[in-house]
Structure formats: C-alpha cells, structure tokens
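Please look at the sequence and the model together before reading on. The report below is meant to be followed with both in view.

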Amino acid sequence: MSQHKVVVNTDVKQGTINKNIYGHFAEHLGRCIYEGFWVGEDSSIPNTNGIRNDVVEALKNINIPVLRWPGGCFADEYHWKDGVGPRENRKRMVNTHWGGVIENNHFGTHEFMMLCDMLETEPYICGNVGSGTIQEMSEWVEYMTFDGESPMANWRQENGREESWPLTYFGVGNENWGCGGNMRPQYYADLYRRFQTYVRNYGDNKIYRIAGGPNVDDYNWTEVLMREATDFMDGLSLHYYTIPGDFWLGKGSATDFPEDEWAITMQKAYHIQELIEKHSTIMDKYDPEKRVGLIIDEWGTWFDVEEGTNPGFLYQQNTIRDALVAGVSLNIFNDHNDRVQMANIAQTINVLQSMILTDEEKMILTPTYHVFEMYKVHQDAEKVALDLETDTLKAGDKEMPQITASASQNKEGKYHISLCNVDKDNEAEVTIDWRGAGLANVNGRVLTADEIDAHNTFENPDNIKPVEYQDFQVNDNQLTLQLPAKSVVVLSVEE
Ligand code: AHR
C-alpha cells in the first residue's frame, strides 16, 4: 500500500474558510427551477407555496449558504419585470438559450426570495448586462431593497411584499465574453463601471458587487478588469468546468466512461488550483490587500446529457467520480481561502453536477450531495495549517497528487480533516502527525464505492452514501489511516 504523510499544525491558523465556498447555483435551465424547485401550488407533489418540500428539507441539511440565480446565460436574457405580479398575467417567453422551451415566468423574484427564506440561504442575484438596460438593473435593486416610498418599492408592495429584502450579492452580468454579449474585456470593463454605478445601496443594505470575470485561463480578461475596475468591485467571478473530453466534440458520458477517463477527470479537477493561483497573482498586482474576492460562481463536472433527454437541458447522472471531483475542488477552495470568498457549484437540481435528481414525485441524493453534507463542517471554520507529502499519479502526460487534504477548527473547538484518495484502484496509508493539540474522540465517515461508475438511481437511491469510517489507528499524537481507493473521508477530532 502506498504511504503518504500529513502534518497538521493545529496552533497555526490561516484565516476563516468562508462558508460561501459551499454555495450553489440554480438557473432557469432544463428541470432545475421548474420541476426541481418549483412545482406550483396546485401540484400533487407536496409543496409549500409552490416549492417542493422534499428538496427544501434535503438542501437544508447541507446548509446552503448562498444561492445564485437566475443564470447563467439565462441571466443576460432575463427581464425581471416579466416575473412579478399575478402569475396568470406574467409574460410567456422562449428560453432561447436552453432548449427553446416556453418560460412562463411563474418563478420570479418573489418566489426566489421565498425559496431563500425557506432554505435560510443568502440570495445572489445576477443582473442582465447583455440584453438589459441600466435602468432595468437599477430598478430591480430598488424593487428588492428600497424601504419607504418609491415607484419600485410601491410596486413590490402592490405585489404582496411589504418589507424590502436584504440583498448582499449582486452580479453585474454573466459570461460577458460569451453568451452575455460577446464583449471584449475593455468594453465590458467600461460597461461594468457604468452599470454598477446604479446598483445602489439603499438604507442599510450594502451590495457586494461582482464583476463578470474570465473564462478558464483568459488571464488577459482578469488583467484588464482589475486594471480598469478594481475600485468598483468587491468580487470577480471565474468559471471553470471539469470536462474529461472536448466541449464541442464530445464531453464524455457521466456513467459509461472508459477506465482511463477517471484519471483525466481527476487531473482536470485539480487544474482549478493552477487557475486560482494564476488569476490571484494578477489580482494581487492591483489588490495586494486581497479585498476583492475571487468568486468561482460556476464549477463542477460537465458531461454529455443522458440519452433520450433534451440536449438543452444538461441533465446528467452523478457517480463516485463526481464525488471525488467535489472533494478535490472543495479542498482546493479551502486552501485558497485568502482569495476565494465564494464558489457556486452548477447546478443544484437536475442540471450538470447536481445535489439532487428528481423524477416527478421521486427524488434522490447524488454522491456530490453527500460530499457537501460531509464537508459542511468546514463552513466558516478556521483553516488549520497542513503539510502533505503524497505520491503523484499520471493522467496521460500530466501528473497529480494521489491524496488531497484540508483541515479546520470550528467555533466549538472541534477539528475536521477532509481527505480524498483519487486513485481508483489502490488503497493508501496516510500517517497524520497531529501537532499542537491532543488527539481525542476521533470519528469519521467515508464515501466510496467498488465500481468507478457507481451511482444512485430512483430504484436504488442509497447505493452510495457515507458510512462510518473505522479504518484508522491512534497512537499518541499520530493517526494512521487506510484510505480505500476512490474515497472521500472526513474525520472529526477533539482535543
Ligand atoms: O451552467 C451552464 C452554463 O454554463 C451557464 O448558463 C453559463 O454561464 C455557462 O456557460
């Protein structure tokens, strides 16, 4: 069995792991909003004011800190005024970007804010720069956040909501280098400065403005935006998807994939580390204090859609491979907590790397859901210094670490360490030197599977779920773990 070494220095703290790293994204795309969250008040599926009770209950269990909406590419075609007022009068439009289906606007601002209340999560709204106007964006913020008398606040009250909603996170456009207007960075930087001017802070409400950032490794975009607009932003977004194949020629199947695609997928998941570090280096030049957050507001796996489903709906299954991608990515985000202030996996229900899949009244939890549930202990915890010596694995001509780990201490003083073994075939022995604190009451859970494509189905919903982990020994201040192949483990430790 391969040997790996971790040193945890419990007395060296490295800042808070922002809970928003565990954020989510929900777009008007396929069956995420409609069927996933929203079934309508008259549905036979148990719901509260139109929102499914089962998904709310499941999502509350992973402590969603922040939810991004309404897109995605949809955001730059969305006109919020179509989605308020009596539902029967709302405009029906075509969702041109995602499957050309009719969007009846039954889920709009009021419904989204109600969902956030139910989930006890913070809203993150993405405004329309690509096809919208400054006035439209400005009035949306007024509608949501102005308390007192104003045209938009009055209209909100007529539509049934007396109080303004607290709103912190607001994105000024989405992917403006692509579906959000095909702009060049200088042009978007100027537009960003202009649009954000009218995203007002009303009363005590203080908006955290997020500028539309680069695609993957477009470092020039980051350079131009930071050079031209640092003083006008609180966050800069970054989008990166883990795609084993080619985006246009074939991304690869979520379940039916060749053995060598496992390592390629893991290596591509690890690639986000290089992206964070290189974009951060540019940001450091213009923002050495690290005031501006890197907001990874779209990430996760992107495979070919499941056979027989609408290609515009991006519906994919979710296996133990997705669980490892989630575990690796979240460990990397934790590790870069000095710059990464938020991340939003795409997309909560029935789209891309979801937490939940639904089939009419049925609902299943994915392996990725279980990773978010296991890792929730890191939310707002203090990062603890950790050194790792591990073997490298090969993926084609690239290399990656076999083990990844992240440690934190929560407000109650408990430590947690999350570890992933990305090797699909081999167990790993990990020795952890636990320095600066006692090693008591060690408990753990593990998520693993025998097959590389193991997943949950509506017929077998509990095929993969975390179980108690006991494969470790404690010896004074040293812990020795046997990590199964393709596993995610989270341990809790008391002093
Ligand atoms: O998440 C799916 C799509 O991916 C989003 O709408 C877009 O922003 C990105 O290209």
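Predicted model: local features only at pLDDT ≥ 70, side-chain atom pairs only at ≥ 80, totals over all residues.

Residues are numbered from 1 along each chain as its sequence is written, and side-chain values use heavy atoms, with hydrogens and water left out.

Helices (H or I, at least four residues) and strands (E, at least two) are DSSP runs numbered from the N terminus, and two strands pair if DSSP finds at least two bridges between them. An open sheet of mixed pairing is formed by 10 strands in the order β23-β22-β26-β20-β19-β16-β1-β21-β25-β24. Because β23 (467-468) and β24 (472-475) each have a single partner strand, they stand at the edges, and one side of each is left without a neighbour in the sheet. The pairing of β23 with β22 (residues 440-448) is antiparallel, over 2 bridges, and Val467 in β23 is the bridge partner of Val446.

Helix α8 (residues 320-335) lies across β16, β19, β20, β22 and β26, at about 130° to β20; angles run from 0 to 180 degrees between N-to-C directions, with axes fitted to C-alpha atoms, for helices over the stretch in contact (heavy atoms within 4.5 Å).

Two residues are buried, meaning under 20% relative accessible area with a 1.4 Å probe and protein chains only:

| Residue | Relative accessible area |
|---|---|
| His110 | 15% |
| Pro367 | 1% |

Pro367, in helix α9 (residues 367-375), touches residues including Ile320, Ala323 and Leu447.

Conventions
Buried < 20%, exposed > 50% of the residue type's maximum accessible area, 1.4 Å probe, protein only. Lists of a residue's contacts leave out its neighbours within four places in sequence.
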